[in-house]
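Visitor: I would like to learn how to read single residues in a model like this. Could we take them one at a time?

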Amino acid sequence: MDYKKLASTILEKVGGEKNVISVGHCATRLRFNLKDDKKADTDFLKNLKGVVGVVNKGGQYQVVIGSDVRDVYKAILDLGSFNTGESDGEKEKIREL
């Protein structure tokens with residue numbers, strides 16, 4: 001799987017870097033806090049190869065990836081400057097893994 005390409009497409013389809021307040025992940029999902037979730041192209045993301053599903057609830061826009069989520073998350077961090085709730089040192093450790 002091309003994580004960089006998948007991450008780039010996901011970022012574009014959630015409305016771009018400027019629409020992302022913060023991003024994180026859990027065991028299977030990318031978790032975005034978006035400025036405007038109406039800018040996200042949910043139908044496109046649901047049908048994107050590498051994406052299992054999309055959940056938008058509780059102010060969080062979740063893109064379900066599965067076990068490759070950590071690699072896609074690292075690729076997203078490389079594409080922009082995002083608030084992750086982690087210190088810069090922790091971000092660098094994640095990118096190195």
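Visitor: Where is the place of T28?

Guide: Keep in mind that this is a predicted model. T28 sits in the loop that links β1 and β2.

Visitor: Is T28 buried, partly exposed or exposed?

Guide: The general idea is a scale of relative accessible area: buried is under 20%, exposed is over 50%, and partly exposed is in between. T28 has 32% relative accessibility, so T28 counts as partly exposed.

Visitor: Which residues does T28 touch, not counting those up to four places away in sequence?

Guide: T28 touches V63, V64, I65, G66 and V69. For a distance across the chain, take Q62: 34 residues separate T28 from Q62 in sequence, and their C-alpha atoms are 9.6 Å apart in space.

Visitor: What does the UniProt annotation "active site" cover?

Guide: Such a label comes from a record and may be inferred rather than shown by experiment. Here the UniProt entry, which is unreviewed, places "active site" on C26. C26 is in the loop between β1 and β2, with β2 spanning 29-34.

Visitor: Is C26 buried, partly exposed or exposed, and which residues does C26 touch beyond four places in sequence?

Guide: The relative accessible area of C26 is 25%, so C26 is partly exposed. With residues up to four places away set aside, C26 touches R31 and V69. V69 is also in the list for T28.

Visitor: Now N19. In which loop is N19 found?

Guide: N19 is in the loop between α1, residues 3-13, and β1, residues 20-25.

Visitor: Is N19 buried or exposed?

Guide: The cut-off to apply is that buried means under 20% relative accessible area. N19 is at 2%, and therefore counts as buried. Leaving out neighbours within four places in sequence, N19 is in contact with V14, N33, L34, K35, D36 and K39.

Visitor: What pattern does the protein follow along the sequence?

Guide: A pattern of this kind lists helices and strands in order. The protein has 4 helices and 4 strands, and they run α-β-β-α-β-β-α-α.

Visitor: What share of the contacts between residues at least 6 apart in sequence join residues at least 24 apart?

Guide: The share is 56% for this protein.

Technical notes. Residues are numbered from 1 along each chain as its sequence is written. This is a predicted model: local features need pLDDT of at least 70, side-chain atom pairs count only at pLDDT 80 or more; totals for chains, interfaces and linings use all residues. Side-chain values use heavy atoms; hydrogens and water are left out. Helices (H or I, at least four residues) and strands (E, at least two) are DSSP runs, numbered from the N terminus. Buried means under 20% relative accessible area, exposed over 50%, partly exposed in between (1.4 Å probe, protein chains only). Contact means heavy atoms within 4.5 Å.
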